[in-house]
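Open the model in your viewer and keep the selection panel at hand. The tour moves from one selection to the next and says what is there.

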Amino acid sequence: MSEKQLPGFIMCVCTGKCPGFKAMDIWDFINQVRVELPVEYGFIHPQLCEEDGDRFFLKAHRKVIIGACAPNMQRKMFKQAFKDAGLDIEKDAVMLDIRDMTNEQAFRVVEQALEKLDEEEES
Ligand code: SF4
């Protein structure tokens, strides 16, 4: 029986200057996500909508949960990169807006997204 593939989690902090992440301790947050939630990995990227973000998606080979800006913005910015990687952004990405949240709020949003993914995979 093959083992279930866990999704990766990427947080994008908009170069670290965006006021949208001021209410959060991003290091505590990413550590809590990667240690306590069922993800393959968790890391912080400074600016996912730049070219190195696109290059990362080319190597992702798995579902990714992206905690960053508004999902409709993410969809526009990442659609082509997912396509180039042979992935479908609607199926292979879970795009979450975690701006203006505390650690607890953002953690809960990611946790709920993982629970929803799990339910979808089981149905
Ligand atoms: S992906 Fe969104 S949060 Fe990240 S740098 Fe681009 S605009 Fe900012």
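A crossing of two helices is left-handed if the near helix is turned anticlockwise from the far one by less than a right angle, and right-handed if clockwise. Helices (H or I, at least four residues) and strands (E, at least two) are DSSP runs, numbered from the N terminus. This is a predicted model, in which local features need pLDDT of at least 70 and side-chain atom pairs count only at pLDDT 80 or more, while totals for chains, interfaces and linings use all residues. Residues are numbered from 1 along each chain as its sequence is written.

**Stop 1: α1 and α5**

Select helix α1 (residues 26-36) and helix α5 (residues 103-122). Their axes come within 10 Å and cross at roughly 30 degrees. Axes are lines fitted to C-alpha atoms, for helices over the stretch in contact, and angles run from 0 to 180 degrees between N-to-C directions. The angle makes α1 roughly parallel to α5 (under 35 degrees counts as roughly parallel, over 145 as roughly antiparallel, 65 to 115 as roughly perpendicular and the rest as oblique). The crossing of α1 past α5 is right-handed. Now show Asp28, Phe29, Gln32 and Val33 of α1, which meet Asn103, Ala106, Phe107 and Val110 of α5. Two residues are in contact if their C-beta atoms, placed from the backbone, lie within 7 Å.

**Stop 2: α2 and α3**

Next select α2 (residues 51-60) and α3 (residues 71-84), which pack at about 40 degrees with their axes 8 Å apart. These two helices are therefore oblique to each other. Here too α2 passes α3 in a right-handed crossing. On the α2 side, pick Asp54, Phe57 and Leu58; on the α3 side, Phe78, Ala81, Phe82 and Asp84.

**Stop 3: the sheet**

Select the four strands of the open sheet, whose order is β2-β1-β3-β4 with parallel pairing. Strands pair if DSSP finds at least two bridges between them. At the edges are β2 (41-45) and β4 (93-97), each pairing on one side only. From one strand to the next, the twist averages 20 degrees. Strand β1 (residues 8-12) pairs with β2 over five bridges, and phenylalanine 9 stands opposite glycine 42 in β2.

**Stop 4: the ligand**

Which residues surround the ligand? Select Cys12, Cys14, Gln47, Leu48, Cys49, Ala68, Cys69, Met73 and Met77. A residue is near a molecule if its C-beta atom, placed from the backbone, lies within 6 Å of it.
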